[in-house]
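Dear colleague,

Please find below the structure for your review. A summary of the findings follows it.

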Amino acid sequence: MIRIVRKFAILFAVLTAQLYTAAAYYAWSLPDSYYTADSSTLELDTALHIAAVPAEHTVQAAADTAPASERISLRLFGLIPVKEVEVQQIETPLLVPCGQPFGIKLRMDGALVVGMSDVETAEGSRCPAQEAGIQTGDLIQSVNHQSVTTNQELQAAISASKGSAVTITFSREEDIYTCTLTPAFAEKDGCYKAGVWVRDSSAGIGTITFYEPESGSFGGLGHPVCDADTGGILPLGSGEAGAVTISRAVRGTPGNAGMLQGSFTKEPPLGELLCNNRCGVFGTLYRCPSPEDAVPMGLKQEIETGPAQILCTVSGDTPRKYDIVIEKIDYTGTDNTRNMTVCITDPALLEATGGIVQGMSGSPILQNGRLVGAVTHVFLDDPTRGYAIFCENMVRYGLCGS
């Protein structure tokens, strides 16, 4: 009898330890905040049952018009505490899934420093920009209090100095700095230089993810437009969503990313770009899709592993649906653009592209009648697989401006 009791006690202790280990895992892997649809309760699709129990306090809304947030306690089997999370009830937006390719024409609000170089003078080599404290990634905005928005304007301002010290205003991350720079006379070129390589614009092709009929806004790409040299998000001064036609698809192979090849058409612009942030590019459309094609946005806890569809364009300018599988969902939030792992399974798309290729970023993902996300990155070692972003993140950080 004593042995049986001991065995039972040991089994109970082991089971309890495993449950608390599972609770610790869910505390790490589940997000700290959720949206829920009006009058709905929070339901989580997890291997072990997790119950959502109201906490003792709520977080009041910042304004009377904003919905209040509620603190919810997540408990394993309704007993073992996992964590407290913030739940905000919202009216789920209706979005038109697009899948249409668009050209990204992005102009910066200044001249982005992408590199430094020494200027060869009669006295030797020197780098005026480096001496002044300017760094790669800084955005030069003015010279002697005169705004500069292009490489040509910066060069003209430096040349006009005739070697006299100039005042440079630049931004670094979210801070504004001012420095004094003394240009160097380049013997070979016969002009004054600052010793910097700069970029003032960028262009490329992506995919429009959704259109929001109520505001006229759209979101696309699912990840930021970044500078190829600095890796930082390009600061948007103004931009344009251009009309493009896809001419061909270069198939992706292990180790080599494919791409959609296309060109800007002579048609009027599709819209205006207003924001380039960590979750994509956002703006307004001049020619709007039909609101009748709108579907509900899928909340992250509503997404399931399993079959889904992608909407993209691999030829011309007309999107079509292809089958995919959502293989994994990551709620940790360590990267806002890599929330899901997806796999292309549709034979037609695999034949055309080999899987996910450059230019497909932003292709909307549909599941159970909802718009749940967008493709963002491809796995270089396996082009049939890649990452996707939650549509909820694009709406939150793009349309809502969080």
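**Aromatic pairs and barrel**

In this predicted model, Phe185 is partly exposed, its relative accessible area being 33%. Tyr192 is likewise partly exposed, at 26%. These two residues form an edge-to-face aromatic pair, with 5.0 Å from centre to centre and 65° between the planes. Across the whole structure, the search finds five aromatic pairs.

Another pair consists of Tyr331 and Phe390: the ring centres are 6.1 Å apart and the planes stand at 35°, so the pair is tilted. Since Tyr331 belongs to the loop between β24 (320-329) and β25 (340-344) and Phe390 to strand β28, the pair ties together parts that are 59 residues apart in sequence. Tyr331 counts as buried at 16% relative accessibility, and Phe390 counts as buried at 3%.

Strand β28 also takes part in a barrel of six strands, closed in the order β23-β24-β25-β28-β27-β26 with antiparallel pairing. From one strand to the next, the twist averages 45°. Helix α5 (residues 391-399) packs on the sheet, where it touches β27 (370-379) and β28 (382-390), and its direction makes about 50° with that of β28. Strands β23 (residues 306-312) and β26 (residues 364-367) are joined by two bridges; Ile310 has Ile365 as its bridge partner in β26.

Within β28 lies Thr384, whose side chain makes a polar contact of 2.6 Å with that of Asp382. Beyond its neighbours within four places in sequence, Thr384 contacts residues including Val342, Cys343 and Ile344.

Finally, two charged residues lie over ring faces: Lys105 over Phe264, at 4.7 Å from the ring centre, and Arg278 over Tyr397, at 4.1 Å.

Yours sincerely

Notes. Residues numbered from 1 in each chain as written. Predicted model: local features only at pLDDT ≥ 70, side-chain atom pairs only at ≥ 80, totals over all residues. Heavy atoms only, no water. Pairing = 2+ DSSP bridges. Helix = DSSP H or I, 4+ residues; strand = E, 2+ residues; numbered from the N terminus. Axes fitted to C-alpha atoms, helices over the stretch in contact; angles between N-to-C directions. Contact = heavy atoms within 4.5 Å. Polar contact = N/O pair within 3.5 Å; in protein donor to acceptor, adjacent residues only side chain to side chain. Phe/Tyr/Trp six-rings, centres within 6.5 Å; stacked < 30°, edge-to-face > 60°. Buried < 20%, exposed > 50% of the residue type's maximum accessible area, 1.4 Å probe, protein only. Lys NZ or Arg CZ within 6 Å of the ring centre and 35° of its normal.
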